Amino acid sequence: MNSLKYWDKLYNRGIISSSKDFLAYSKAARLSKQSVKAINILEEAHSMFPTDKLIFMELKDLYKNFGFYDKAETLLKSAVEVYPEDQNIFDELISILILKRDWHAAIKELKKVNNSFEYEVKLSMLYKIIGQPEKANSLFDRVLKKYKKAIIEDEKGYRKIVVFDNGESRIEFYKCLKKTDSIILTFDSINIGWHEPSFAFKLLMRENLDILAVRKRKKETYQQDLTQQDYVAAATPIIRGYKDKMAYGFSLGAYNALYFASILNCRILALAPRLSIHPIYGRTKIIPSFKMEHELSFPPNDAIAPIIVFDPKNALDNRYVNESVLKSFPNATLVKLPYGGHGIAPHLLKMGLLKKFVIDFINGTIPEYDRKKKSASSIYFRNLGSECLKHNKLNWALHLARKSLDVDPADKNGIKLMIKVLKRLNRYEEALEFARESVKLVPNVLDVRLYLVDIYIHLGQSDNAETEIVKVEKKFGNKKSIIKRKNIINNIKQPHIPSPDIKQIS
């Protein structure tokens, strides 16, 4: 702030006269979080020094950062005239036009350039985006012949354009730098945000496919801001001209694949489709916290046969598939993986089958479940063990919990199952020792730490429980589950105050 006051005084006295001074003055305003003032300073500087490149670029950055794309476009067009040979300025102009989604204006500018690998690839993508596949394919074929060396040496192997962005959801178009007549529409699962690679990106890019990916800004959100109308408007021109149109997703992404891509009559691979906030088929603990904006049912379509991979033993998923999915898609093909749980994708991955499932789907065949592979997945043993525990088959549950942990000793859900079983068998000392060792193995898993606290409380070891809960609070903060146990421990340590029962973590 002191720096800005200093520059204000100089400006008011008429001492500021050079472009360098104006740039420093604007920087002081930005650092003081007075962005409008910083823009005004640079606009004045630009009127005084209309050919100064640094002022051009600083003002452009401010316009861009604050979404003043029209002003940025006007500024950059004048800069291109002043510096016609400066590729960086032209790049920025194209970038702004794409941010504006002004595809035709971007095409008009790019058509002025004849000898650039990057520009010609981008131009071919823009023709795809506006629904002119013939022009796009013709130009891209020429690129493949003309720039063979550049393509071979290219490290990424693709180019990306964001074709839709409402602030919460994006649709990203990825063009692989190889000839292809196939595109796959992907949808991020619940734990993916748009600052990470899109769902299954690495696998799919190796399969010589173009990708149209639906992304979301924040993890643990349910993409209710994206409408079918917006999706169809963005996707329809792009997928025009592809011979094979596919869609793929897991859990929330599988739900979105059915909700959005079915309208476009794509081939669909949906792994464990679920929308946890669905008021009928969702999770009761989650439903009240979110508002569902989508239609309650999928758009009915008997012209396609989506492949639905799910666990029929999972009550939530089984009901959703049979009561909702099949009603909208009566010709769906069901691939059942008993005791795979809702986490079908990680279950397939652990069995070494996920890649095969996806490639079989891409190649037009129905994936087949090799039941012999189930022993490679800790998830299978854990889910079967949980079912045995539910039906009071405790020795079987214990055996299966051990089998699960033999495959993956650090699986937090396998650890939780083992502790639950040992407690049900009244083998608390064994549960205590196992929980202590598990905390060492997975120190960052809160549930396991709380299981240890619960065992200490049950065994009357309030001092040990208190010591552990202090460590837990220090590491994980002031969470409700931690406060609850602190209160229980305090009540135990105070005479004549009955201690409340502890409800086991689910």
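**Close-up views of a predicted chain**

**Figure 1. The whole chain.** Among contacts (heavy atoms within 4.5 Å) between residues at least 6 apart in sequence, 63% join residues at least 24 apart. This is a predicted model: local features need pLDDT of at least 70, side-chain atom pairs count only at pLDDT 80 or more, and totals for chains, interfaces and linings use all residues. Residues are numbered from 1 along each chain as its sequence is written, and side-chain values use heavy atoms, with hydrogens and water left out. The chain has 23 helices and 8 strands. Helices (H or I, at least four residues) and strands (E, at least two) are DSSP runs, numbered from the N terminus. The C-alpha trace spans about 85 × 65 × 40 Å along its principal axes. Of the 506 residues, 51% count as buried. Buried means under 20% relative accessible area, exposed over 50%, and partly exposed in between, with a 1.4 Å probe and protein chains only.

Figure 2. Strand 1 covers residues 158–165. Of its 8 residues, 6 are buried, so the strand is largely enclosed by the rest of the structure. Strand 1 pairs with strand 2 (residues 169–176) in the antiparallel sense, over 7 bridges. Two strands pair if DSSP finds at least two bridges between them. Y158 stands opposite C176 in strand 2. The two strands form a hairpin with 3 residues between them. In the turn, G167 has a positive phi of about 100°.

**Figure 3. V163 in the largest nonpolar core.** A nonpolar core is a set of buried Ala, Val, Leu, Ile, Met, Phe, Trp, Tyr and Cys residues joined through side-chain atoms within 4.5 Å. The largest one holds 99 residues, and V163, L185, L212 and Y231 touch the most other members. Helix 8 (residues 117–129) gives the largest share of this core, 8 residues. Leaving aside neighbours within four places in sequence, V163 is in contact with R101, W103, I129, I171, F173, L212, A234 and I238. Apart from this core lies another, of 41 residues, among them V448, I455, V472 and I489.

**Figure 4. Helix 16, an enclosed helix.** Helix 16 runs over residues 354–362. Because 7 of its 9 residues are buried, the helix is largely enclosed by the rest of the structure. The buried residues are L354, F357, V358, I359, D360, F361 and I362. G364 follows the helix, with a positive phi near 90°.

**Figure 5. H46 in helix 3.** H46 sits in helix 3 (residues 35–48). Is H46 buried or exposed? At 18% relative accessibility, H46 counts as buried. Leaving aside neighbours within four places in sequence, H46 is in contact with I55, F56, L59 and L75.

**Figure 6. Two loop residues with positive phi.** Most residues other than glycine have a negative phi. K33 has a phi near 60°, a positive value. The place of K33 is in the loop between helix 2 (19–31) and helix 3. K33 is exposed, with a relative accessible area of 75%. N208 also has a positive phi, near 60°. The place of N208 is in the loop between helix 11 (201–205) and strand 4 (210–216). At 28% relative accessibility, N208 counts as partly exposed.
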